[in-house]
Amino acid sequence: MQFFKSTNFNFIGNRKKAFVFSGILLLITVVSLIVNKGPNLSIDFVGGTVVQLKFENSIKDDIGQIRSVIDQLEYGSPEVKTIGKPEDNEIQITVKATESKGESVGDNIKKAVATNYPDNPFELRREEKVGPKIGGELQQKAVLAILLSLLAIVIYIGIRFHLPFGIAAIVALFHDVLITIGAFAFLNLIPNVDVELSLPVIAALLTIVGYSLNDTIVVFDRIRENMGGSVIKRNLEERINSSINQCLSRTIITSLTTFAVVLTVFIAFINSGAIIKDFSLALLVGVISGTYSSIYIASPILVLWNQKWTIK
């Protein structure tokens, strides 16, 4: 199945516009992270307690009051937000505390809410606690996992192709990971929108690395074939442009089918407090960015490299 046959889009000729566009996105990422004072890390990394409660009656007008009740427990600034639709009467309470004198933090939260809402019973839907030490270790391991995976990719592509291909691929992967983190930071600037970098989102970032790399490898493989094929007399820019056009149908079909599946998952969980919502959101951004970067970041970098040092 082919969407496009014998296309001749000038992708490489528009590389400067693409670089400017990516530069703007990365600038938005940096500004968003500065405004947010860094990424919005979940309790997976900073430690804390999460309690999710489902009430029998409506509490949509009581969020401020519940926040005030939790604030009196002196666990720091609590985060209280509704989960799902307003009629679900479900809230999530997050505090950056794991230890408390006497009863546990979770028990104190439930007790305080029950005391202030005696006529509105609730059931516990979820309770999680992560210690700050474990959170710090997880944070270090998550960063290490991403860096090691990127290093392994450079080595693999450098051996399978040439070093310039490995460098180009790694720049594109960094681009995709940063754009995804930037999207999360930007969304947190919007009122009533809260997305967090959690362990599942780190897993999504590694999945994005794999997806983006797969798409880039397919294009690189075609470039390598064309470098020694019938188009040997044409310059490298034309060869790369031809290679991208030859892979375009496959790229579009793969991206659309992947995007459709992830979008379905995201829509199904968009109003829930389930962490799969943030996971699928990261994948949505990553699929778009990965498709874009294999065409407009990784491949043009080969052209820039060849202008300095001839790729043989």
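**View 1. Helices H8 and H9 run roughly antiparallel to each other.** In this predicted model, local features need pLDDT of at least 70 and side-chain atom pairs count only at pLDDT 80 or more, while totals for chains, interfaces and linings use all residues. Residues are numbered from 1 along each chain as its sequence is written, and side-chain values use heavy atoms, with hydrogens and water left out. Helix H8 (residues 236-269) packs against H9 at about 175 degrees, with the axes 8 Å apart. Axes here are lines fitted to C-alpha atoms, for helices over the stretch in contact, and angles run from 0 to 180 degrees between N-to-C directions. An angle over 145 degrees counts as roughly antiparallel, under 35 as roughly parallel, 65 to 115 as roughly perpendicular and the rest as oblique. Helices (H or I, at least four residues) and strands (E, at least two) are DSSP runs, numbered from the N terminus.

**View 2. Helix H9 also meets H7.** The axes of H7 (residues 199-227) and H9 (residues 276-308) come within 8 Å and cross at roughly 30 degrees, so the two helices are roughly parallel. The contact of H7 with H9 brings together 15 nonpolar, nine polar and two charged residues. For these classes, Ala, Val, Leu, Ile, Met, Phe, Trp, Tyr, Cys and Pro count as nonpolar, Asp, Glu, Lys and Arg as charged, and the others, Gly among them, as polar.

View 3. (Rings of Phe, Tyr and Trp, its six-membered ring, pair if their centres lie within 6.5 Å; planes under 30 degrees apart are stacked, over 60 edge-to-face and the rest tilted.) Because Tyr292 and Tyr296 sit four residues apart in helix H9, about one helical turn separates them.

**View 4. Here's the lining of the second largest pocket, with 16 nonpolar, two polar and no charged residues.** Helix H5 gives the largest share, six residues.

View 5. Follow the sequence and you get the pattern α-α-β-α-β-β-α-β-α-α-α-α-α. The C-alpha atoms fill a box of roughly 80 × 40 × 30 Å, taken along the principal axes.
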